[in-house]
Amino acid sequence: MTIRTRTDPRFTRVGADLWHDLHIQVPDATLGTIAAVPVLDGQARVRVPPGTQPGTVLQIEGRGLPRYPGHGRGSLNVTVIVDILQQLSPRQRQLYEQLRVEDADRKGEMGRSRRPDAPRSGGRLKALMHRGKRAEA
């Protein structure tokens with residue numbers, strides 16, 4: 001018997017397991033959400049827990065391909081990809097700046113630059129490595 005399979009652009013196959021990238025926004029990763037993901041026979045819902053980090057893999061058992069020879073099905077593994085906004089509205093920028101201040105206040109001095117001349121926002125800092133020394137331009 002010969003079994004032929006077609007590729008599906010929504011999935012990557014590893015044996016009986018399927019892999020899918022789920023793109024979510026920062027607020028959904030931070031607060032948690034329920035997301036729809038494709039499965040072979042339609043869609044399934046997956047719970048993204050609060051505080052999910054980029055690259056986290058969520059596994060849905062039994063939603064992969066049939067195991068041959070054997071019994072049961074593989075898993076659908078969902079890799080969480082957190083999309084960062086590249087263009088912000090003025091209101092979004094204001095909210096992110098407020099979150100930054102509140103987070104810095106909560107953490108104290110952790111995460112803040114110790115250099116008084118370091119750019120605070122909107123500036124670019126390019127680190128270059130030269131002969132083992134760090135140079136900033």
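Author: Happy to! Please keep in mind that this is a predicted model. The open sheet is built from 4 strands, which follow the order β1-β2-β6-β5, and their pairing is mixed. At its edges stand β1 (12–14) and β5, each with a single partner strand, so one side of each has no neighbour in the sheet. From one strand to the next, the twist averages 30 degrees.

Now for one pair within that order. Strand β2 covers residues 17–25 and strand β6 covers residues 76–83; the two run in the parallel sense and are paired over 8 bridges.

Another pairing involves β3 (residues 33–39) and β4, which pair in the antiparallel sense over 7 bridges. A hairpin of 2 residues links β3 to β4, and V39 has G42 in β4 as its bridge partner.

T52 counts as buried because its relative accessible area is 7%, below the 20% cut-off. A polar atom of the T52 side chain lies 2.5 Å from the backbone oxygen of P49. Leaving aside residues up to four places away in sequence, T52 touches A29 and V80.

Note on methods:
Residues are numbered from 1 along each chain as its sequence is written. This is a predicted model: local features need pLDDT of at least 70, side-chain atom pairs count only at pLDDT 80 or more; totals for chains, interfaces and linings use all residues. Side-chain values use heavy atoms; hydrogens and water are left out. Buried means under 20% relative accessible area, exposed over 50%, partly exposed in between (1.4 Å probe, protein chains only). A polar contact is a pair of N or O atoms within 3.5 Å; within protein, one must be able to donate a hydrogen and the other to accept it, and residues adjacent in sequence count only if both atoms are side-chain atoms. Contact means heavy atoms within 4.5 Å. Two strands pair if DSSP finds at least two bridges between them. Axes are lines fitted to C-alpha atoms, for helices over the stretch in contact, and angles run from 0 to 180 degrees between N-to-C directions.
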